[in-house]
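Subject: Structure for you, with notes

Hi,

Here is the structure I promised to send over. Have a look at it first, and then read on for what turned up in it.

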Amino acid sequence: MAERKFKVIKGGAAAAVSNYHRKFLSAFITDTRLMGVVGMYIHWELSNNDYITDFHQFFYFDSEEYGFETYKSLFGDNYDEIIMTEQALIGGLGGNKVSVGEKEATFLVQKYIAMNNRLSIPLPEPQNEYKFLLQHPVTLSEEESHALIEKLCTPIESEYQLINYFLMRVFGKDIEAAAYLSAGDIVLDDIFEKTEATLCKNTIEECYEDGELSYLCESLIEFDGKYKLVITEIYVTERKVTKIKKRSSFFVTPTEAAMMLNHPEFITVYEILAEPEDFYRQFSEISGGSMQTLHDNGRLYMEFNKSNNHVNRKIFRLNEDIHGLYYATDYGQLIVAAYSLKDIHDIEKTLSKNEVGGSIIATAKYEFKEPILYEFIQSDFEDFTDFLEFLNT
């Protein structure tokens, strides 16, 4: 293997990508196309007569609204930095990583760039780092297209999973993925809303009529800040949707929607004993793959499940892809929340076994009939116990 010599790249990163020899090493995609989003990674080798280095590209594609949404890149072979970038961008998708070749990877980049151009969506910067992937237009044969969609989509394991994914794609106006999950020509005009909608909850019931099995679905969808309940009847043959009938639909109030989406929340409160610098350093081993958002009084980390098994259920809830929430306040509390007793116990065990376990001590545990953590985050309270006492007065 050639010795890697690192130095400042003349003209910057974009110049190196454009002007030096590129060798494709590997690539992968996430098999999360049926969730409406796909992550992709490409690993190149850049070289000239003076040096050789690794070039890593990360892409985030949205098939409903945003197209080619996010792009990140790295030079060199810092493993920790590569993993952190991967986790930050695609760690929450809950899918498997599937190897693809250079032709397939290039095709996907070109496809989603075309979507951005068609919808007048700005492309992520720096465009000069990936514009070389547009130099040679790529088309796939019917066989190649089928092989790629099979890689992009997780295998369907049950009728419940099929129906939930299908309705998710239909309400999202994602014709390509809906067609993949169906057999024959299905009329979807009556099902579509005027704009893309999010499937928040779906309940499936088997229905037999004259010996024929169908599935009656009650779907709560959200679009433009409004909620609607849509009742459909779906017919399935060999894990493909063969027919769909819209039975009824009507708007519901945000209060009614909240009641339908209601679920318990389990919370454990910890006191942080270490200095903030030390705590966040130790906690980074746990929070590395989480989505972080900053708030007025602290930082919220959202940890997603490692799979999308919540789709494979008779009752689907969109928020059940969350494993746990961690809210580290600026006032020395770590508040951990989960939506099941199993998940909160798993999180507690993970914290106790990690280095950060020596810097925190549990002070209280709660079970609430409905989520309350976000309400605390948006309040002006510094202490979670004070917040609860206020609610109870």
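Let me start with a single side chain: F68 has a relative accessibility of 0%, so it counts as buried. Bear in mind that this is a predicted model. F59 also counts as buried, because its relative accessibility is 0% too.

Now for the rings. There are 28 aromatic pairs in the structure. One of them is F24 with W44, in an edge-to-face arrangement, with 5.6 Å from centre to centre and 80° between the planes. F24 belongs to strand β1 and W44 to strand β2, so this pair ties together parts that are 20 residues apart in sequence. W44 has a relative accessible area of 2%, so it is buried. F59 and F68, the two Phe residues from above, form an aromatic pair as well. That pair is tilted, with the centres 5.6 Å apart and 45° between the planes.

The charged end of K240 is over the ring of Y180, at 4.4 Å from the ring centre. K243 does likewise with Y235: its charged end lies over that ring, 4.5 Å from the centre.

Next, helix α2, which covers residues 79-90.

Which residues of α2 are buried? They are I82, T85, E86, L89 and I90. These residues cover an arc of only 100° around the axis, which means that they are on the same side of α2. D80, M84 and A88, on the other side of the helix, are exposed.

And what covers the buried residues of α2? The cover includes β1 (21-30), β2 (37-47), β3 (52-62), β4 (67-75) and β5 (97-99). β1 and β2 are the strands that hold F24 and W44, respectively.

Cheers

Terms used: Residues are numbered from 1 along each chain as its sequence is written. This is a predicted model: local features need pLDDT of at least 70, side-chain atom pairs count only at pLDDT 80 or more; totals for chains, interfaces and linings use all residues. Side-chain values use heavy atoms; hydrogens and water are left out. Helices (H or I, at least four residues) and strands (E, at least two) are DSSP runs, numbered from the N terminus. The expected span of a helix is 1.5 Å times one less than its number of residues. Buried means under 20% relative accessible area, exposed over 50%, partly exposed in between (1.4 Å probe, protein chains only). The arc is that of the directions from the helix axis to the C-beta atoms. Contact means heavy atoms within 4.5 Å. Rings of Phe, Tyr and Trp (its six-membered ring) pair if their centres lie within 6.5 Å; planes under 30 degrees apart count as stacked, over 60 as edge-to-face and the rest as tilted. A charge sits over a ring if NZ of Lys or CZ of Arg is within 6 Å of the ring centre and within 35 degrees of the ring normal.
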